[in-house]
Amino acid sequence: MTAEGADRATVVDPYDHLHDESYADAFARGRVGAASLVTVAGRAVESLDGDWRFAIDPHDEGLRQTWYADEPVPASEWTVPRDYDDGAWQTAPVPACWNMRRPEWRHYEGGAWYTRTLDHTPGEADERTVLHVGAAAYEARVFLNGQFLGAHRGASTPFCVELTGHLRPGPNRLQIQVDNARRTDRVPMRHTDWFNYGGLYRSVALLRLPALFIRDFGVALVPGSGFRRVAVDVTLSDPVDGTATVAIDGLLPPSPVPITAGRGRVEFDLAPELWSPDSPRLYGVTLRFGADSVADRVGFREIAVAGERILLNRRDITLRGVSVHEDDLLLGKTSDEADIRRRYADAKALGCNFLRLAHYPHDPRAVAIADEVGLMLWSEIPVYWAIDFANPDTYEDAANQLAELIARDRNRASTILWGVGNENADTDARLSFMARLAALARQLDPTRLVTAACLIDRERFAIADRLADHLDVIGLNEYFGWYEPSFDGLRRLLANSAPGKPVIISEFGADAVAGLRGGPRDLFTEDCQEAVYREQLAILATAPYVRGMTPWVLYDFRTERRQTAFQRGWNRKGLIAEDKTTRKRAFAVLAAHYRAMADAEAPPSPHTQTAKSR
Ligand code: GCU
C-alpha cells in the first residue's frame, strides 16, 4: 500500500487496455493439442454448425477489452459506452471461410469473433462434454460464459476443449476467437503460394461422453506379419484398468482388449482381405469400453520400401498421382462431399491411383472417401518454404499439427505417406527440425512411410538433400520446362543422381490459361503446358528410381501472390480450370501416359526382395 493511498494495482484505469501489448500471453498458456483430441469415429455428435454471430476484430479489442467476459445487453441498458455488441453483430455460417461470405471480408486477415448460444440440457450426472472443432484457420481461443477454456494453433487439424463443469442448464454463451494473421513463427509462416483463408471452416460439434470414454484407437496389420496379424490398440480418457472389447465384421467376434492404466494393445491372428486401389476392401470395426462405443470402417494393407521400390502388400507399385489443394470457387478452403467426390472422379479419369493432398491436412472426409474409392494418399503438414526453423515454439506447433494429423487419420488405409515439409532450403536448423519431425512420425505411426518434397542440390546438381537420410521416400519438386526453360537440366539431374531409395516427383508443371492457345514456348498457353508435360513424362520415364509422380496440380487455385494478366490471383498450373470442369490439353497427355503405365505394369507378382517394412 503506497503512502499516498490506494495501492496503484487496485486502481481500475478504464484505459489500461490501450497500453497493454502482452494481452495475448494469457491465452497461450491454455493451449490444447493432440493429447486432448477425442476420436469422433462412429459417434453421434450434437452439431453446432449453422449461423453464428460474427465480427472482425483487426486490433484484437476483444482480447484487450475482454469482450468475452460481458453478457450481451441491449444498448439501451449500457451504463458505459462499448466498442462491440455481439447481440447486433453480423452472422457467418459454420463451417465456412469468412473470405467467401462478404466482399469486405475477402482479403481480411486478423482476429474475428464467432458467438452463439448453446442451449444445454444436462445428461447423466457424470456426463462429460467436449467441444470438437474440425479446423479453425489459424489460431483459435475458446470462451464459455465468459471464461477462457483453451486455445489451439494450426489451421488444418481438429482440436478438442472439454466443457465439463462449465456448461450450465439452458442457454450458454459460446465464443471462439479465430485469428488467421500470417506470421513468421507460424506453420506455415507468412509467405505461401496459396490463399490465406480464415474461419471455422470445418464442422463444430458437442460430444456427450460417459465419465470414462475411448479417446483414441488403432486397428492395423502388424508390419512384417505376412498379413496374418492385426494389432488393436485403445487409449482411454483416464489411466484406469479394465477391459475393452473389439469386433471386426466377418473377421473377429467381440474380443477382449485388457486395459492397464488407460491403455491396451492386443494382436490377433487374422487374415483379412487386403485393401488396395483395385480392391478397396473395408471392414466394420466396433470398440466398446463401459458405456462408450466407437466405430469405423478400416482397410488392411501394408506399405513398405525395398531398395528403390515401393511395395503395397509386398507388391511393387508405381504411384500415378496428381497434387491437389483444398480450394473451391465457391467454398474456398471448405470441402463438401460433392467437391471431394468430383476431385476423385477427375483423378480417376486421369488414371490416378494416388494423390498428394497439398500442403496441409485435408478434410477428414477426403481421406475416408479415398479409402472407399481406392486412392492412395500423401498427406502433409504445412512446413512450407522459410519456416522459423530455429524457433522451439514453432517446432512445437509443427510437431503438434503432425501428431493431430496422425491421430485423426491413423485408421485410414488410403494414407500411405506422411509428408513433413515442402521445398525448404537445406540449412542445419531445417535439417534438425525436419529430421525430428520424421522421427516423430515414425514413433507415432510405424505403419506408414515418411517423405518430404525436397529441392535439388544445386551444387552437385543431384537429388541429394541431406534430409533424404531421414526419409523412406524422397519427394522432389522440379520445374524444368517452366521456371527453368531448358529440359537439359532434368536430364543432367537424373543422370547425376543415385538416391538409393524411391523418388516421387512431387511437383512439375506449367501455368496455362484455359482456352489460351499458341506455340509450345508461348508461356501461359495450353500448348506450352502440354509441351512441358510431354517432355517431362518422356524424360522421367528414363529414371528407374522414380516410382511415382504428383504433377502440380489438378485444379487452378487461388493465390494472392500472382497478379499477372494471366493469373489475377490464381495459380494456373491446373490440368483443369478453377471451374473444375474445363480440362486443358495437358490433361489428355497425362491421362494417356498413365493409361500406358497401367497397361505396361505386369500383373502384380509377389515381391521376392526382402521388404524393409516401415
Ligand atoms: C512450388 C510450391 C507450390 C507452388 C508451385 C508453383 O513447388 O511447392 O506450392 O504452388 O511451386 O510455383 O506453382
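A: The second largest cavity lies between domain 2 (224–301) and domain 3 (311–509 + 545–553 + 585–601), because both give residues to its lining. The domain bounds come from an automatic or database assignment. The model is predicted, so local features need pLDDT of at least 70 and side-chain atom pairs need 80 or more, while totals for chains, interfaces and linings use all residues. Numbering starts from 1 along each chain as its sequence is written, and side-chain values use heavy atoms, without hydrogens or water.

The volume of this second cavity is about 80 Å³. (A cavity is a set of points on a 1 Å grid where a 1.4 Å probe fits but cannot get out, and lining residues have an atom within 4 Å of a point. Points join across faces, edges and corners, and the volume is the space filled by probe spheres set on them.) Strand β11 (residues 214–221) gives the most to this lining, with three residues. (Strands are DSSP runs of E, at least two residues; helices are runs of H or I, at least four; both are numbered from the N terminus.) By class, the lining of the second largest cavity has six nonpolar, three polar and four charged residues. (Nonpolar means Ala, Val, Leu, Ile, Met, Phe, Trp, Tyr, Cys and Pro; charged means Asp, Glu, Lys and Arg; the others, Gly among them, are polar.)

Stay with β11 for a moment. The loop between β11 and β12 (229–236) holds Phe227. Phe227 is not a glycine, yet its phi is positive, near 60°. Lys580 is another residue with a positive phi, about 60°, and it is not a glycine either. Lys580 sits in the loop between β30 (570–571) and α9.

Now step back to the whole structure. The search finds three cavities of 30 Å³ or more. The lining of the largest cavity divides into 12 nonpolar, five polar and four charged residues. Domain 1 (26–75 + 84–209) and domain 3 both give residues to this lining, so the largest cavity lies between them.

The peptide bond from Val187 to Pro188 is cis, with omega near 10°. Pro188 belongs to the loop between β9 (170–179) and β10 (204–209). Val94 and Pro95 are also joined by a cis bond, with omega about 0°. Pro95 is in the loop between β3 (90–94) and β4 (111–120).

Next, the helix pairs. Helix α9 (residues 585–600) packs with helix α8 (residues 526–540) at an angle of about 20°, their axes 8 Å apart. (Axes are lines fitted to C-alpha atoms, for helices over the stretch in contact; angles run from 0 to 180 degrees between N-to-C directions.) α8 and α9 are therefore roughly parallel. (Under 35 degrees is roughly parallel, over 145 roughly antiparallel, 65 to 115 roughly perpendicular, the rest oblique.) α8 passes α9 in a right-handed crossing. (Right-handed means the near helix is turned clockwise from the far one by less than a right angle; anticlockwise is left-handed.)

Helices α5 (residues 392–409) and α6 (residues 428–444) pack at about 25°, with axes 10 Å apart. So α5 is roughly parallel to α6. Their crossing is right-handed.

α3 passes α4 in a right-handed crossing.

Key
On a 1 Å grid over the protein atoms alone, a cavity is a set of points where a 1.4 Å probe fits but cannot get out, and a pocket is an open set with protein on both sides within 12 Å along at least five of seven lines; lining residues have an atom within 4 Å of a point.
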